[in-house]
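Have a look at the model first, then work through the points below.

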Amino acid sequence: MYENNGSNYETKNIKKDKYSKLIKKTASKLIQLKEIIEHHPYLSQQETAERMGISQGRVSQLKKLL
């Protein structure tokens, strides 16, 4: 299961990432979301939100940024 502490996800190289213009927290959540989707593509947005510790609406917003 994924933890919401952010330490399990690579965030050090965000500046080189395509999300470099976003604030660090949003960029971190985008990376976390992308990893969850890659490993569990059939999870609902609500299930994904529960794993990430955020709301379903925020998952929807983040998916639009991917």
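## Helix packing at a glance

Thr26 sits in helix H1, where helices are DSSP runs of H or I with at least four residues, strands are E runs of at least two, and numbering goes from the N terminus. Keep in mind that this is a predicted model, with local features needing pLDDT of at least 70, side-chain atom pairs counting only at pLDDT 80 or more, and totals for chains, interfaces and linings using all residues. Residues are numbered from 1 along each chain as its sequence is written, and side-chain values use heavy atoms, leaving out hydrogens and water.

- Thr26 is buried at 11% relative accessible area; buried means under 20%, exposed over 50% and partly exposed in between, with a 1.4 Å probe and protein chains only.
- Beyond its neighbours within four places in sequence, Thr26 is in contact with Arg58, Leu62 and Leu65, contact being heavy atoms within 4.5 Å.

**H1 against H3**

- H1 (residues 24–39) and H3 (residues 56–65) have axes that come within 10 Å and cross at roughly 90°. Axes are lines fitted to C-alpha atoms, for helices over the stretch in contact, and angles run from 0 to 180 degrees between N-to-C directions.
- The two helices are therefore roughly perpendicular; that label covers 65 to 115 degrees, with under 35 roughly parallel, over 145 roughly antiparallel and the rest oblique.
- H1 brings Thr26, Lys29, Leu30, Leu33 and Ile37 to the contact, while H3 brings Arg58, Val59, Leu62, Lys63 and Leu65.
- Sorted by class, this H1–H3 contact has six nonpolar, one polar and three charged residues. Ala, Val, Leu, Ile, Met, Phe, Trp, Tyr, Cys and Pro count as nonpolar, Asp, Glu, Lys and Arg as charged, and the others, Gly among them, as polar.

**H2 and its neighbours**

- In H2 (residues 45–52), the buried residues are Thr48, Ala49 and Met52.
- Looking down the axis of H2, these buried residues fall within an arc of 100°, so they line one face of the helix; the arc is that of the directions from the helix axis to the C-beta atoms.
- Those buried H2 residues pack against H1 and H3.
- H2 and H3 pack at about 100°, their axes 8 Å apart, and that makes H2 roughly perpendicular to H3.
- On the H2 side the contact uses Gln45, Gln46, Thr48, Ala49 and Met52, and on the H3 side Gln56, Val59, Ser60, Leu62 and Lys63.
- By class, the H2–H3 contact has four nonpolar, five polar and one charged residues.

**The core and Leu62**

- Seven residues make up the largest nonpolar core: Leu30, Leu33, Ile36, Ala49, Met52, Val59 and Leu62. Such a core is a set of buried Ala, Val, Leu, Ile, Met, Phe, Trp, Tyr and Cys residues joined through side-chain atoms within 4.5 Å.
- H1, H2 and H3 are the elements giving two or more residues to this core, and H1 has the largest share, three residues.
- Leu62 belongs to H3 and is buried, with a relative accessible area of 0%.
- Not counting residues up to four places away in sequence, Leu62 touches Thr26, Lys29, Leu30, Leu33, Met52 and Ile54.
- Leu62 and Lys29 are 33 residues apart in sequence, and their C-alpha atoms are 7.8 Å apart in space.
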